[in-house]
Amino acid sequence: MRAVQITATGGPEVLTLVEVPEPQPGPGQVLVAVEAAGVNFIDTYRRSGVYPLDLPAVLGSEGAGRVVRAGEGVEGFAPGDLVAWKEGAGSYAERVLVAADELVPVPAGVDARTAAAVLLQGLTAHYLVTDTFRVTGGTWALVHAAAGGAGLLLTQLVRLRGGRVLATTSTEEKAELARAAGAEEVVRYADAARRARELTGGRGVDVVYDGVGKDTFDASLSALRPRGLLALYGGSSGQVPPFDVQRLNAAGSLFLTRPTLASYTQDRAELLARTDELFGWVADGLLDVRIGGTHPLEQARCAHEDLQARRTTGKLLLVP
């Protein structure tokens with residue numbers, strides 16, 4: 001089968017399309033024919049060596065496709081079932097092995113590409129607005145990179161729960177996408193803290209959802225009200241360096257958290273509960289999933305280059 005592999009860490013040029021043996025499912029595993037694989041920033045961290053991998057390695061962790069066959073002890077999945085996963089190492093391939101506990105059924109009304117595009121970022125948006133900070137009517141949220149895959153979903157979910165969104169984007173084209181998703185106000189990154197104060201009568205927003213990291217961290221803290229919360233859920237511009245925690249005290253007893261999806265899907269029951277609600281919103285037309293681009297496996301390098309250069313909107317997919 002074909003797969004996108006790296007034999008050394010580095011830039012997008014290390015991504016190579018190769019032929020590798022088809023894997024065989026062991027106990028508790030399911031072999032899936034991949035119909036679409038999500039391209040995520042964590043893939044670039046693994047490719048570059050920020051998150052070490054045993055090499056050679058096939059990249060990718062998210063996707064959707066059809067069950068081929070299951071290994072010993074697996075129940076509840078039959079050949080042909082449409083499934084999705086947020087953590088299946090080696091998903092940039094025609095077929096992938098996924099632990100049965102990580103697979104979720106995709107309901108009628110949601111196709112494979114949509115499922116692959118929404119699962120990881122949609123679950124992230126779900127936990128951020130329901131648990132990390134429980135958005136309710138009247139909540140003011142600052143959403144950075146609001147035209148990206150996670151940002152568009154976050155904006156919609158904040159609005160779905162009755163909140164209001166101040167969004168940041170880098171271009172007017174992206175600003176239009178954020179407005180279409182429900183952002184009440186859209187500004188460039190440099191204006192975020194100032195506008196957050198203006199919109200809230202000088203008080204500041206209740207929560208900042210920041211997946212950008214290093215470049216937006218200071219503005220995110222400055223935009224918050226006293227006892228507001230900064231949810232730093234990613235670092236597309238780089239990781240935030242160590243800082244003096246007394247800044248949180250001086251700015252009004254602020255809260256800072258660095259959440260991860262694994263902490264909010266700690267068992268299968270929690271994973272399925274979040275996924276069921278997420279897919280339900282998609283099937284009911286309450287959540288629009290924007291696929292910003294699809295690439296064949298041999299164009300994985302282009303997908304990584306576009307993602308890191310912030311030339312994308314919505315979600316990028318690789319299609320075997």
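This is a predicted model: local features need pLDDT of at least 70, side-chain atom pairs count only at pLDDT 80 or more; totals for chains, interfaces and linings use all residues.
Local features are given at pLDDT of at least 70 and side-chain atom pairs only at pLDDT 80 or more, while totals for chains, interfaces and linings use all residues. Residues are numbered from 1 along each chain as its sequence is written, and side-chain values use heavy atoms, with hydrogens and water left out.

Q: Is K315 buried or exposed, and what is its relative accessible area?
A: K315 lies in strand 16 (residues 315-319), where strands (E, at least two residues) and helices (H or I, at least four) are DSSP runs numbered from the N terminus. Buried means under 20% relative accessible area, exposed over 50%, and partly exposed in between, with a 1.4 Å probe and protein chains only. By that cut-off K315 is buried, because its relative accessible area is 2%.

Q: With which side chain does the side chain of K315 make a polar contact of 2.7 Å?
A: A polar contact is a pair of N or O atoms within 3.5 Å; within protein, one must be able to donate a hydrogen and the other to accept it, and residues adjacent in sequence count only if both atoms are side-chain atoms. The contact at 2.7 Å is with the side chain of E62.

Q: Which helix gives the most to the lining of the largest pocket?
A: Helix 1 (41-48), helix 2 (112-132), helix 3 (149-160), helix 8 (268-283) and strand 16 each supply at least two residues of this lining. The lining numbers 48 residues, and F41, I42, L120, Q121 and Y233 lie nearest the centre of the pocket. With four residues, the element that gives the most is helix 2.

Q: What is the bridge partner of V143 in strand 10?
A: Strand 10 (residues 164-168) is mostly covered, four of its five residues being buried. It pairs with strand 9 (residues 140-143) in the parallel sense over four bridges. In strand 10, the partner of V143 is A167.

Q: What is omega for the peptide bond from L55 to P56?
A: Most residues other than glycine have a negative phi, and most peptide bonds are trans. P56 is found in the loop between helix 1 and strand 4. The bond from L55 to P56 is cis, with omega near -5°.

Q: What is the phi of S253?
A: S253 lies in the loop between helix 7 (246-250) and strand 14 (255-257). The residue is partly exposed, with a relative accessible area of 43%. Although S253 is not a glycine, its phi is positive, at about 55°.

Q: What is the relative accessible area of R227?
A: R227 is found in strand 13 (residues 224-232). Its phi is near 65°, a positive value in a residue other than glycine. R227 is exposed, with a relative accessible area of 59%.

Notes:
On a 1 Å grid over the protein atoms alone, a cavity is a set of points where a 1.4 Å probe fits but cannot get out, and a pocket is an open set with protein on both sides within 12 Å along at least five of seven lines; lining residues have an atom within 4 Å of a point. Two strands pair if DSSP finds at least two bridges between them.
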